[in-house]
Amino acid sequence: MSTSPRVLIIGAGLAGPAMAIALARQSIRSTVYERRPFAQGIGGVLMLAPNAVRVLDKVLGAEQDIRELGYSYNGIELLASSGTSPMQLLGKFATIPGPENQGITIKRPVLHAKLLELCDEYKEFIQVEFGKSLVEIQEDEDQVKAIFEDGTSSTGDILLGLDGIHSRVRRHVLGDQANNFSAKYTGHVALGSAIQRSASDFTGIAPPAFLYTPAGTILSFPTDPSGENLQWVAFLPTPERERKAWDEYRASGQAITDLKDAWKDIKSEPIKSMMDTLTPDNLLLWAPYATPDLPTWHTNRVCLLGDAAHAISPSAGQGTAQALEDVGLMARLLGSKSAMEKGFPAIFAHYERVRRKRLEEIRKITDGSVRSRAATPNYGIWWLKKLGLRLGLSAMNALSGFMRGPSFLTYDVTKENIEV
Ligand SMILES: Cc1cc2nc3c(=O)[nH]c(=O)nc-3n(C[C@H](O)[C@H](O)[C@H](O)COP(=O)(O)OP(=O)(O)OC[C@H]3O[C@@H](n4cnc5c(N)ncnc54)[C@H](O)[C@@H]3O)c2cc1C
């Protein structure tokens with residue numbers, strides 16, 4: 001089997017269009033099916049760490065296009081205030097020298113629109129269909145069939161599930177076990193807003209910056225090349241709600257009341273300005289979910305990628321990066337003549353083996369960053385936490401000459417073995 005496969009991609013979020021572009025660049029045709037009726041760009045700001053940028057560059061050939069729309073950074077500042085004192089710099093995290101190690105912060109809707117625009121540039125190889133909600137998959141020895149809510153269907157050689165956190169494709173792959181592995185709310189809602197750097201006191205702070213306080217940590221990111229427009233996000237522990245109830249929580253002002261209450265003792269800038277300028281209209285709310293470790297990611301003709309396979313808490317800024325790494329590996333495998341000769345089940349098994357190992361490492365880092373960003377119950381623990389962060393950053397920076405920064409950020413999926 002070495003002819004070009006007919007590929008069905010479910011989901012035109014971030015990773016679905018990226019997958020289609022990566023395949024098109026190897027002259028492999030695909031159709032992307034998206035549940036939403038149009039290319040609706042939703043969401044806040046994303047971090048694309050160097051490991052994600054490697055995929056944009058080497059797999060999608062789109063690094064420059066995307067860099068021009070976002071903000072390039074080498075490292076993230078970590079600062080702390082006990083609540084009333086000015087923010088003090090603890091050190092810089094992930095400072096990896098070299099232009100090839102510059103991350104990008106970018107608004108999700110801007111990245112989404114760019115990826116769809118690139119799909120259009122490859123229209124000879126890519127078709128994107130909106131308003132197509134997958135409801136069922138049938139597969140046999142020869143082909144796979146996707147059946148949509150509107151009664152239409154489509155057949156292909158393989159189906160790639162990039163349909164996000166509440167994936168329908170995952171239910172097909174897991175069968176009877178699916179209910180045991182649905183995505184779970186992380187327990188913390190992400191709340192934040194846009195802010196202009198010059199409109200509040202960022203003296204001595206150069207975002208991207210993580211602002212540690214006893215009430216928790218606020219992350220602030222530039223959203224465009226100027227560095228002037230920022231977005232900040234705080235994580236507030238609150239119970240899970242239905243979609244409508246989340247909208248109501250935001251629109252009623254209750255989310256702002258709860259957030260301000262949790263941060264009432266923090267008077268230091270720029271956090272005070274961030275809280276003071278919040279209104280229900282400018283508040284961004286995002287309830288993050290994570291999936292447990294799935295027993296398998298594929299069948300013979302269907303494979304999961306991105307959040308559908310392994311949604312992780314957003315706190316390490318690796319959700320999109322991991323989805324892009326999946327795309328990078330899968331595209332290389334499907335474009336490899338020798339891998340294709342081994343057949344799809346062998347390709348999917350190889351992909352799962354390589355990506356699971358990487359995700360194990362990323363989950364550990366994510367869990368650590370969730371703990372370090374939480375509110376701190378008493379002064380002694382807060383003091384120890386600051387000391388730990390300071391020492392940790394000094395040790396990391398002292399070693400950076402040997403390590404060139406944390407290795408999980410310099411990982412390059414295009415160097416993975418694709419001998420199936
Ligand atoms: C609305 C939204 C806002 C987000 N905001 C942020 C944010 O502010 N910060 C952040 O770090 N991350 C955010 N994320 C998450 C981030 O985009 C993902 O973690 C990451 O990019 C992985 O991408 P993905 O393509 O696997 O999943 P997603 O980007 O979630 O894309 C999945 C796509 O599949 C579609 N889909 C789902 N079910 C079906 C079906 N049955 N049939 C067809 N299509 C289907 C969805 O509509 C969606 O477009 C957001 C995700 C969404 C959907």
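**Grounds for the descriptions**

Analyst: Helix α10 gives the largest share of the shell around the ligand, three residues. The model is a predicted one.

User: Which residues around the ligand come nearest, and which elements give two or more residues to the shell?

Analyst: Gly11, Gly13, Gly43, Gly164 and Gly306 come nearest, out of 32 residues around the ligand. The elements giving two or more residues to this shell are α1, β2 (30-34), α9 (307-310) and α10 (319-334). By class, the shell divides into 14 nonpolar, ten polar and eight charged residues.

User: What makes α10 largely enclosed by the rest of the structure?

Analyst: The cut-off for a buried residue is 20 or more other C-beta atoms within 10 Å of its own. In α10, 15 of the 16 residues are buried, so this helix is largely enclosed by the rest of the structure. From its first C-alpha to its last, α10 reaches 23 Å, close to the 22 Å expected at 1.5 Å a residue.

User: How do you know that α1 is largely enclosed, and what do its buried residues pack against?

Analyst: Ten of the ten residues of α1 are buried, so the rest of the structure largely encloses this helix. Among them are Ala15, Pro17, Met19, Ile21 and Leu23. The buried residues of α1 pack against β1 (7-10), β2, α4, β8, β12 (158-161) and α10.

User: Which residues have the most contacts inside the largest nonpolar core?

Analyst: That core has 108 residues, and those with the most contacts inside it are Ile9, Ala18, Met19, Leu159, Leu305 and Val327. Its largest share, nine residues, comes from α10. A second, separate core has five residues, including Ala290, Ala311, Leu359 and Ile362. In soluble globular proteins, nonpolar side chains tend to be buried together.

User: What is valine 327 in contact with, beyond its neighbours in sequence?

Analyst: Contact requires C-beta atoms within 7 Å. Leaving aside neighbours within four places in sequence, valine 327 is in contact with Ala15, Ala18, Met19, Ala22, Val55, Val59 and Leu305.

User: Which residues of α4 are buried, and why are they placed on the same side of the helix?

Analyst: The buried residues of α4 are Leu111, His112, Leu115, Leu116, Leu118 and Cys119. They cover an arc of only 155 degrees around the axis, which puts them on the same side of α4. Asp120 and Glu121, on the other side of α4, are exposed. An α-helix has 3.6 residues a turn, so residues three or four places apart point the same way. The buried residues of α4 pack against α1 (15-24), β3 (45-48), α3 (63-67), β7 (103-107) and β8 (126-130).

User: Why is leucine 116 called buried?

Analyst: Leucine 116, in helix α4, has 21 C-beta neighbours inside 10 Å. The cut-off is 20 or more, so leucine 116 counts as buried.

User: Is arginine 353 buried or exposed, and on what grounds?

Analyst: Arginine 353 is in helix α12 (residues 344-373) and has 11 other C-beta atoms within 10 Å. A residue is exposed at 12 or fewer, so arginine 353 is exposed. The C-alpha atoms of arginine 353 and tryptophan 297 are separated by 9.7 Å, though these residues are 56 apart along the chain.

User: What makes threonine 84 exposed, and which residues does it touch?

Analyst: Threonine 84 lies in the loop between β5 (76-80) and β6 (88-93). With 9 C-beta neighbours inside 10 Å, threonine 84 counts as exposed. Not counting residues up to four places away in sequence, threonine 84 touches Lys267 and Ser268. Threonine 84 and glutamate 269 are 8.8 Å apart, C-alpha to C-alpha, and 185 residues apart in sequence.

User: What peptide bond joins glutamate 269 and proline 270, and what is its omega?

Analyst: The bond is cis, with omega about 5 degrees. Proline 270 lies in the loop between α7 (254-262) and α8 (271-276). The peptide bond from proline 207 to proline 208 is also cis, with omega near 15 degrees. Proline 208 is in the loop between β14 (188-196) and β15 (209-213). Most peptide bonds are trans.

User: What is phi of serine 27?

Analyst: Phi of serine 27 is near 60 degrees, a positive value in a residue other than glycine. Most residues other than glycine have a negative phi. Serine 27 is in the loop between α1 and β2, and with 11 C-beta neighbours inside 10 Å it counts as exposed.

Conventions
Residues are numbered from 1 along each chain as its sequence is written. This is a predicted model: local features need pLDDT of at least 70, side-chain atom pairs count only at pLDDT 80 or more; totals for chains, interfaces and linings use all residues. Helices (H or I, at least four residues) and strands (E, at least two) are DSSP runs, numbered from the N terminus. The arc is that of the directions from the helix axis to the C-beta atoms. Two residues are in contact if their C-beta atoms, placed from the backbone, lie within 7 Å. A residue is near a molecule or strand if its C-beta atom, placed from the backbone, lies within 6 Å of it. Ala, Val, Leu, Ile, Met, Phe, Trp, Tyr, Cys and Pro count as nonpolar, Asp, Glu, Lys and Arg as charged, and the others, Gly among them, as polar. A nonpolar core is a set of buried Ala, Val, Leu, Ile, Met, Phe, Trp, Tyr and Cys residues joined through C-beta atoms within 7 Å. The expected span of a helix is 1.5 Å times one less than its number of residues.
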